[in-house]
Amino acid sequence: MQDEKPRRTQAERRAETKRALLDAARALFVEKGYAETGTPEIVKAADVTRGALYHHFADKADLMRALVRQEAEAIASDIDADTNTSQSPLDAFMAGASAYFSAMSVPGRARIMLLEGPAVLGIAEMARLDRETGGATLLEGLRHAQNHGALKDVPLEPLADLLSSAFDRAALAIAEGEDRDAYEKATRKLLAGVL
């Protein structure tokens, strides 16, 4: 008698279909860009029906939103794993910056998070998703520095926005093949001056 595979539950099948759609969309958005990718291509690559796509996502933009959330959660997890409040503010920031650069070096991630996502969803929604998925780590780092006597009378949220822009630009350059060590040295100099 042949061993039968255990039957998958409906929840497992739904999760598998959603994962297939996200994986297919990610690959296509990275390869061709969001605008050049049609939903028929996504469902074909995921080997699911068009109805399955619209069961899980309202439209292609909603699929991008879910993809951005997934990527942002992975980035936040990597940063959290490499930083802690027992570090000096500069060391904590550098550990976080290095973790961010590593997380953003995952093939295709910089394009999704820094080019395609903002173009599709807009800056405000990207910022909201960032806050919801742990993007407050930069602000937490600034608060950590402030608790250690740095950044007196400096508005932390605008500073976090400015530093975030610098980190994003560095991550994009690194993803495009620029010298990561040079960007990390420049980041340390920048942060030492800020702190």
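User: How many aromatic pairs does a search of the whole structure find?
Analyst: This is a predicted model, in which local features need pLDDT of at least 70, side-chain atom pairs count only at pLDDT 80 or more, and totals for chains, interfaces and linings use all residues. Residues are numbered from 1 along each chain as its sequence is written, and side-chain values use heavy atoms, with hydrogens and water left out. Rings of Phe, Tyr and Trp (its six-membered ring) pair if their centres lie within 6.5 Å; planes under 30 degrees apart count as stacked, over 60 as edge-to-face and the rest as tilted. By this rule, the number of aromatic pairs found in the whole structure is three.

User: Are the rings of Phe101 and Phe167 stacked or edge-to-face?
Analyst: The ring centres of Phe101 and Phe167 are 6.4 Å apart. Their planes stand at 80°, so the pair is edge-to-face.

User: Is Phe167 buried or exposed?
Analyst: Buried means under 20% relative accessible area, exposed over 50%, and partly exposed in between (1.4 Å probe, protein chains only). Phe167 has a relative accessibility of 9%, so Phe167 counts as buried.

User: Which residue has its charged end over the ring of Tyr34?
Analyst: A charge sits over a ring if NZ of Lys or CZ of Arg is within 6 Å of the ring centre and within 35 degrees of the ring normal. At 4.2 Å from the centre of the Tyr34 ring lies the charged end of Lys60.

User: Which residues does Ring pairing link into a cluster?
Analyst: Tyr100 is buried, at 12% relative accessible area, and Phe101 is buried at 1%. Ring pairs link into a cluster Tyr100, Phe101 and Phe167.
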